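Here's a quick tour for anyone meeting this protein for the first time. Have a look at the sequence and the model, then read on.

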Amino acid sequence: MQADTQFPPLETVTRPAVDTAAAAYYLNRKPQTLRSWACFDGSGPIRAFRINGRLAWKVEDLRRVLGVSQ
């Protein structure tokens with residue numbers, strides 16, 4: 001993840017899922033932490049799914065964990 005990457009506020013995200021870098025930013029975790037959650041099922045507060053072999057994280061799950069309203 002690059003330091004100059006800008007992510008919109010979670011409240012304004014309209015996509016159903018985000019990539020690992022964005023999810024890590026919103027959760028204030030390193031991307032590798034989220035990857036380990038995906039490898040060890042049930043070890044994290046949310047679960048990932050795969051789109052074309054890449055990890056994706058549901059925006060609704062991120063909002064639920066962070067207590068952000070839509």
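## A term to start with

A nonpolar core, as used here, is a set of buried Ala, Val, Leu, Ile, Met, Phe, Trp, Tyr and Cys residues joined through side-chain atoms within 4.5 Å. Keep in mind, too, that what you're looking at is a predicted model.

## The overall picture

Let's begin with the parts list. The protein has three helices and three strands, and if you walk along from the N terminus, they come in the order β-α-α-β-β-α.

How does the radius of gyration fit with a compact globule? For 70 residues, such a globule would come out near 11 Å, and the protein has 11 Å, so the two agree. Laid along its principal axes, the C-alpha trace spans about 30 × 25 × 25 Å. Take contacts between residues at least 6 apart in sequence: 42% of them join residues at least 24 apart.

## Inside and outside

Of the 70 residues, 31% are buried. The accessible surface comes to about 5000 Å², and carbon and sulfur atoms account for 48% of that. As for charges, there are 10 positive and 6 negative ones, and their mean positions sit 4 Å apart.

## The core

Now for the core itself. The largest nonpolar core has 16 residues, and the ones with the most contacts inside it are Val 18, Tyr 26, Leu 34, Trp 57 and Leu 62. Four elements, H1, H2, S3 and H3, each give two or more residues to this core. H1 gives the most, with five.

Setting aside neighbours within four places in sequence, Leu 34 is in contact with Thr 20, Ala 23, Ala 24, Leu 27, Arg 29 and Trp 57.

## Helix H1, mostly under cover

Helix H1 covers residues 20-27, and six of its eight residues are buried. Which ones are they? The buried residues of H1 are Thr 20, Ala 22, Ala 23, Ala 24, Tyr 26 and Leu 27.

What do these buried residues pack against? Their partners are strand S1 (17-18), helix H2 (31-39), strand S3 (54-58) and helix H3 (59-66).

Is Asn 28 buried or exposed? Its relative accessibility is 65%, and the cut-off for exposed is over 50%, so Asn 28 counts as exposed.

With a relative accessible area of 79%, Asn 52 is exposed.

## A buried aspartate

Last stop: Asp 61, which you'll find in helix H3. Is Asp 61 buried or exposed? Buried means under 20% relative accessible area, and Asp 61 has 15%, so it is buried.

Which residues does Asp 61 touch, leaving aside its neighbours within four places in sequence? Asp 61 is in contact with Ile 46 and Arg 47.

Terms used. Residues are numbered from 1 along each chain as its sequence is written. This is a predicted model: local features need pLDDT of at least 70, side-chain atom pairs count only at pLDDT 80 or more; totals for chains, interfaces and linings use all residues. Side-chain values use heavy atoms; hydrogens and water are left out. The radius of gyration is taken over C-alpha atoms; the globule rule is 2.2 Å times the number of residues to the power 0.38. Buried means under 20% relative accessible area, exposed over 50%, partly exposed in between (1.4 Å probe, protein chains only). Contact means heavy atoms within 4.5 Å. Accessible areas come from the Shrake-Rupley method with a 1.4 Å probe; for residues, only the protein chains shown count as cover. Lys and Arg count as positive and Asp and Glu as negative; His and the chain ends are not counted. The place of a charge is taken as NZ of Lys, CZ of Arg, CG of Asp or CD of Glu.
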